[in-house]
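Q: I have a chain open here and would like to talk through its side chains with you. Could we start with the rings and the charges?

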Amino acid sequence: MPIAWTLDLNTDIPVIDQQHRRIVDYINDLEVANTGHDRGLVGRILDDLVDYTLSHFAFEESLQEEAGYQYCKPHKRVHELFVRRVGEYVERYRAGEDIGVELHTLLSAWLINHIKRDDADYVAAVKSNMVGIIAEKEKKKETGGWFRRFFK
């Protein structure tokens, strides 16, 4: 069953929400590939999903560090454990196992839980930091509205 984006998944940090929506798209694409029994497509989606998710995690962690988020290290550890777990699925896929349905189930549950719990916890710190950066840069006439495209 595809993941439907719902308002309770929004962090209200537009760039993060956009990235999360893209990850949902990859997970939904994986379901389509599974349904079509297209092993090659599963592999391509898996590679793209892993690459995109690693970039997203790095970006998210950099925002947390910049904001001085007190649980940045534990959050990063959650990411690392998840990457390791998905890496095990990649290895199984490359060994010839049919991991598509199992992986889709894991990704769907993990992502929803992670956004609603782990990510929701850092939002206030990151948004507060971004508001401060925007105010400082606008005072210096440096932003030209650039940050406003991403952060409210």
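Q: Which ring does Arg39 lie over?
A: In this predicted model, Arg39 lies over the face of Tyr93, at 4.0 Å from the ring centre.

Q: And what does Arg22 lie over?
A: Arg22 is placed over the face of Tyr26, and the distance from the ring centre is 3.8 Å.

Q: OK, on to rings with rings: how many aromatic pairs does the structure hold?
A: There are six aromatic pairs in the structure. One of them joins Tyr26 and Tyr52, whose ring centres are 5.8 Å apart.

Q: Why is the pair of Tyr26 and Tyr52 called tilted?
A: Their planes stand at 55 degrees, so the pair is tilted; planes under 30 degrees apart would count as stacked and those over 60 as edge-to-face.

Q: Is Tyr26 buried or exposed? And what about Tyr52?
A: Tyr26 has a relative accessible area of 11% and is therefore buried, under the 20% cut-off. Tyr52, with a relative accessible area of 25%, is partly exposed.

Q: What about Phe57 and Phe82, how are those rings arranged?
A: Phe57 and Phe82 make an edge-to-face aromatic pair, with 6.3 Å centre to centre and 70 degrees between the planes. Phe57 is in helix α2 and Phe82 in helix α3, residues 72–94, so this pair ties together parts of the chain that are 25 residues apart in sequence.

Q: Are these two buried or exposed?
A: Both Phe57 and Phe82 are buried.

Q: Which residues make up the cluster there?
A: Ring pairs link Phe57 and Phe82 with Trp110 into a cluster.

Q: Stepping back, what is the overall secondary structure?
A: The chain has four helices and zero strands, giving the pattern α-α-α-α when read along the sequence.

Key
Residues are numbered from 1 along each chain as its sequence is written. This is a predicted model: local features need pLDDT of at least 70, side-chain atom pairs count only at pLDDT 80 or more; totals for chains, interfaces and linings use all residues. Side-chain values use heavy atoms; hydrogens and water are left out. Helices (H or I, at least four residues) and strands (E, at least two) are DSSP runs, numbered from the N terminus. Rings of Phe, Tyr and Trp (its six-membered ring) pair if their centres lie within 6.5 Å; planes under 30 degrees apart count as stacked, over 60 as edge-to-face and the rest as tilted. Buried means under 20% relative accessible area, exposed over 50%, partly exposed in between (1.4 Å probe, protein chains only). A charge sits over a ring if NZ of Lys or CZ of Arg is within 6 Å of the ring centre and within 35 degrees of the ring normal.
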